Amino acid sequence: SLSQPQDSGSAPIIRKKLNGYVGFANLPNQVHRKSVRKGFQFTAMVVGESGLGKSTLINTLFNTRLYPPKEPLPPSAERPQTAAIESISADIEENGVRLRLTVVDTPGFGDFVNNDESWKPIVENIESRFDSYLEQENRVNRQKIVDNRVHACLYFIQPTGHSLKPIDVEFMRQLHTKVNLIPVIAKADTLTDEEVAEFKARVLADIAHHNIHIFQAPTYENEDDEALAEAEEIAGKIPFAVVGSDRLVSTPDGRQVRGRAYPWGVVEVDNEDHCDFVKLRQMLVRTYMEELREHTNDTLYENWRTEKLLSMGVIQDSSVFKEINPAIRIQEERVMHEAKLAKMEAEMKMVFQQKVQEKEAKLKQSEEELYARHREMKEALEKQRLDLDDKKRRIESGRPLTPEKQTQKKGRFNIRG
Ligand code: GTP
């Protein structure tokens, strides 16, 4: 797609004020403040076979030709392929809120006879971004952490109409534990609406069959109807069927739109009836930006970090290595501290449980005692009542009690002796 210097973080910055509505200025205030304080960086990556329109979609996403102009291309000219992993950033501003949006373009694969391990450089790139974050976390001054981790990975699927290819399965399986995977069906303009619907279902079934985790749009219980409807609508579009274009074309009714012109009509990128591009952009920069960042930090990065530290545990036995690498020592101390805390918590839980059990047993016992006392009192009262009845009858009939009869009655009713 373009030949620019290797991805380095020193990618050109295009400062640009978006004219269209993006929406991150409307993030809930609290989340928003947090993001602004942290610097508000968001990085997306595009991955997929060669020629599926990854670079074009990036341009479409930024609503500009961030890449050096490819036009005018002579009609016969091929669009140059992306040769190395490269990233491109833009500071987008809306209502005074600034967002540093970076998209990482990866070279398409599938061109070679042997495509084994073509996922490797991409996974390495993702991990090196984790590495750099970890290194910053370990610095004494942790104020200015630059977060270049990949928060979302758009995986491009060829619009074959069949199932996923083995290479797609392999790629996704390599990626899904390291990034938020968002599958997209590339060049959706080459399929009919019915074909898109069928293909989506098949892709989802394949993804489930191969136990591939894709990003799940979370919904919250306390959300209002509008937010829930939006979340459901977005979730229902996955895998997004996208069309990319960085050219304006004229529609039959005279509008200038971003789209692709065919003899039978114009496919409009920004028309939700034509493709899911709008929904995809909405998901990335509006609805789920914070969730994507959070899941990257709390789950994907955390798992990677734990695994990395565990694997370093073998080396840690060498005290020499520890001496020369304070970062590892600090990490080790942190892990030990966390383990200690976890142990303390477990112990406290156990003691607490024991106490609760004891208390429950005591309560049960006094309940039983109360019950027995209640029964006794009831019986005694009943006996008293019968005695009185008997007395009454005798007095009424004018006959005094004979001593033996009295004992007899006592023996019959005095249960407790
Ligand atoms: P690599 O750099 O090889 O990985 O390719 P890429 O995935 O970046 O593809 P690129 O954006 O360079 O586009 C390849 C060709 O597909 C170009 O001729 C584009 O004009 C065309 N193309 C891009 N997006 C679409 C689309 O949505 N629909 C159709 N029909 N063609 C597209």
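**Figure 1. Pairing of strand β5 with strand β6 in the predicted model**. Within β6, Pro 183 is the bridge partner of Tyr 155. This pair belongs to a parallel arrangement in which five bridges join β5 to β6. Strands of a sheet pair through backbone hydrogen bonds, in either a parallel or an antiparallel sense. Strand β2, residues 41-48, also pairs with β5 in the parallel sense, again over five bridges. In that pairing, Gly 48 has Phe 156 of β5 as its bridge partner.

**Figure 2. Burial of strand β5**. Six of the six residues of β5 are buried, so the strand is largely enclosed by the rest of the structure. In a regular strand the side chains alternate between the two faces of the sheet. In β5, Ala 152, Leu 154 and Phe 156 point one way, while Cys 153, Tyr 155 and Ile 157 point the other way. Residues of both sets are buried.

**Figure 3. The largest nonpolar core**. The core holds 60 residues, and those that touch the most other members are Cys 153, Leu 154, Tyr 155, Phe 156, Val 184, Ile 185 and Val 242. Strand β5, residues 152-157, supplies the largest share of this core, with six residues. In soluble globular proteins, nonpolar side chains tend to be buried together. Residues up to four places away in sequence being left aside, Val 184 touches Leu 154, Tyr 155, Phe 156 and Ile 157, together with Pro 239, Phe 240, Val 242 and Leu 280.

Figure 4. Pro 239 is situated in the loop between α6, residues 225-237, and β7, residues 240-241. Pro 239 is also among the residues touched by Val 184.

**Figure 5. Two non-glycine residues with positive phi**. Lys 187 has a phi near 45 degrees, a positive value in a residue other than glycine. The loop that contains Lys 187 runs between β6, residues 181-185, and α5, residues 193-209. Lys 187 is buried because 22 other C-beta atoms lie within 10 Å, where 20 or more are required. Asn 211 likewise is not a glycine, and its phi is positive at about 55 degrees. Asn 211 belongs to the loop between α5 and α6. With 8 C-beta neighbours inside 10 Å, Asn 211 counts as exposed.

**Figure 6. Surroundings of Ile 212**. Ile 212 is placed in the loop between α5 and α6. Ile 212 has 19 C-beta neighbours inside 10 Å and therefore counts as partly exposed. Its contacts, not counting residues up to four places away in sequence, are Met 172, Arg 173, His 176 and Ile 207. Although Ile 212 and His 176 are 36 residues apart along the chain, their C-alpha atoms are separated by 6.6 Å.

**Figure 7. Packing of helix α6 against helix α7**. Two packed helices are described by the angle between their axes and the distance between the axes. Helices α6 and α7, the latter comprising residues 277-287, pack at an angle of about 130 degrees with their axes 10 Å apart. This angle makes α6 oblique to α7. The crossing of α6 past α7 is left-handed. From α6, the contact involves Glu 230, Ile 234 and Lys 237; from α7, it involves Lys 279, Gln 282, Met 283 and Thr 287.

**Figure 8. The open sheet formed by β8, β9 and β10**. The three strands of this sheet are ordered β8-β9-β10, and their pairing is antiparallel. Strands β8, residues 248-250, and β10, residues 265-268, are the edge strands, each of which pairs on one side only. Direction ignored, neighbouring strands of this sheet are turned against each other by 65 degrees on average. Three bridges connect β8 with β9, residues 256-262, in the antiparallel sense. Opposite Val 249 stands Val 257 in β9.

**Figure 9. Helix α2**. Helix α2, residues 54-62, is mostly covered, with nine of its nine residues buried. The buried residues are Lys 54, Ser 55, Thr 56, Leu 57, Ile 58, Asn 59, Thr 60, Leu 61 and Phe 62.

Key. Residues are numbered from 1 along each chain as its sequence is written. This is a predicted model: local features need pLDDT of at least 70, side-chain atom pairs count only at pLDDT 80 or more; totals for chains, interfaces and linings use all residues. Helices (H or I, at least four residues) and strands (E, at least two) are DSSP runs, numbered from the N terminus. A residue is buried if 20 or more other C-beta atoms lie within 10 Å of its own, exposed if 12 or fewer, and partly exposed in between; C-beta atoms are placed from the backbone. A nonpolar core is a set of buried Ala, Val, Leu, Ile, Met, Phe, Trp, Tyr and Cys residues joined through C-beta atoms within 7 Å. Two residues are in contact if their C-beta atoms, placed from the backbone, lie within 7 Å. Two strands pair if DSSP finds at least two bridges between them. Axes are lines fitted to C-alpha atoms, for helices over the stretch in contact, and angles run from 0 to 180 degrees between N-to-C directions. Angles under 35 degrees count as roughly parallel, over 145 as roughly antiparallel, 65 to 115 as roughly perpendicular and the rest as oblique. A crossing is left-handed if the near helix is turned anticlockwise from the far one by less than a right angle, and right-handed if clockwise.
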